[in-house]
Amino acid sequence: MARRGEFQIIDRFFTHEAFGEWQSQGVGDDCAIIDAGDTRFAVTTDMMAIGTHFLPNALPETVGYKALAVNLSDLAAAGASPRAFFLSIGLPERDDEWLAGFSRGMMALAEETGCALLGGDTTRTAEVNGRHAPVTISITAMGALPKGKGLTRAGARVGDDVWVSGTVGDAYAALKCRWGHWQVMPDQQPALFERMDRPTPRVRLGTALLDLASAAADISDGLSADLGHILERSGVAADIDWESVPLSPVLRSLAPGLQREAALMGGDDYELVFTASPENRLRIEQAGLLTETRLTRIGKVCEKLSGDNLTIRSHDGAVIRTGMAGFDHFAGQG
Ligand code: ADP
Ligand code: MG
């Protein structure tokens with residue numbers, strides 16, 4: 001199948017036959033899962049730029065917190081426990097106040113999750129037409145996994161339940177509101193904006209699912225897209241019941257079309273979407289209680305026939321949408 005822009009670039013230029021002593025269980029996954037002797041690591045890297053991933057006026061605390069949070073979210077998707085990270089940062093200029101806020105936001109989350117900053121690199125961003133490019137951040141995070149374990153996107157089986165944590169669509173709705181495209185009541189704004197600025201990486205849930213889930217991904221590109229990645233890599237399809245998809249009260253106050261757009265297509269929530277055998281339902285509910293995470297069953301994995309592998313239906317069985325488009329940095333290019 002033709003792949004979309006960002007993924008087409010990775011397929012064409014950055015996918016190679018495995019070589020060397022270290023190999024990954026999860027090429028194309030949220031994390032690379034690497035066995036080094038008796039130790040199993042999960043490693044992920046994410047790059048973010050002000051203006052692309054953050055609004056130009058984002059608070060430095062928010063940028064620092066979220067830059068680390070999105071990496072921890074990938075570790076969570078692998079079921080790994082955060083241990084260490086490396087920070088590479090390009091700065092247009094020296095601004096100590098900004099850097100202090102950035103560091104505060106980042107290190108508070110690092111300490112909370114026991115993930116130590118062990119190295120990195122600091123440079124000045126390129127100067128183009130007399131101006132330096134905005135702040136660019138790349139974080140590589142490493143987590144520990146028990147021997148032989150680790151969640152990937154590839155294990156979903158026909159008959160499995162599809163689950164999602166928390167609620168979806170809020171971060172996208174927050175962005176739409178900040179752009180002035182959508183409106184919510186002023187008293188609803190703080191809770192919504194919090195979901196965009198301070199997503200909770202589901203680290204404790206991820207580790208609790210290690211023996212329970214058959215496949216998992218975190219929702220960075222959107223529920224349809226990230227569940228789509230699981231389906232594609234597992235060679236299966238899924239039927240999702242739209243009315244079961246967990247939405248926050250703020251999202252429910254929007255017009256139905258906007259609710260769907262945000263919840264199905266909107267990214268940046270950093271919830272986990274995962275599949276698991278129906279036999280594990282009770283234990284999964286217990287994992288939700290134990291980690292204080294709302295968990296909702298939203299559909300079933302089914303056999304892949306032809307055409308789209310993701311179908312979203314309303315209660316009466318009518319198809320709301322198929323396909324799995326999500327955010328793509330290079331949509332329409334290439
Ligand atoms: P996530 O959103 O979970 O961080 P991405 O969508 O960014 O994952 O990446 C999808 C997969 O492609 C990951 O396994 C990632 O490691 C891999 N990947 C992305 N960019 C590159 C690259 N430049 N070189 C090699 N692998 C890449
Ligand atoms: Mg991910």
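So, a backbone N or O atom of Asp-29 sits 2.7 Å from an oxygen atom of ligand 1, which falls under our polar contact rule, a pair of N or O atoms within 3.5 Å. Gly-28 brings a polar backbone atom 3.2 Å from a ligand 1 oxygen, and Arg-153 uses a side-chain N or O atom, at 3.3 Å from an oxygen of the ligand. On its own ligand 1 exposes 560 Å², and the protein buries 64% of that; those areas are Shrake-Rupley with a 1.4 Å probe.

Quick caveats: this is a predicted model, with local features needing pLDDT of at least 70 and side-chain atom pairs 80 or more, while totals for chains, interfaces and linings use all residues, and side-chain values use heavy atoms, without hydrogens or water. Residues count from 1 along each chain as written, with chains lettered from A and ligands numbered from 1 in written order.

Now the metal. Which residues hold the magnesium ion, ligand 2? The protein donors are Asp-30, Asp-74 and Asp-218, through OD atoms 2.0 Å from it; a donor is an N, O or S atom within 2.8 Å of the metal (3.2 Å for Na, K and Ca), and with water not among the atoms, the site may look incomplete. Asp-30 is in the loop between helix H1 (5-13) and strand S1 (32-36), and Asp-218 is in strand S9 (residues 215-218), so this pair ties together parts 188 residues apart in sequence.

Technical notes: Polar contact = N/O pair within 3.5 Å; in protein donor to acceptor, adjacent residues only side chain to side chain. Helix = DSSP H or I, 4+ residues; strand = E, 2+ residues; numbered from the N terminus.
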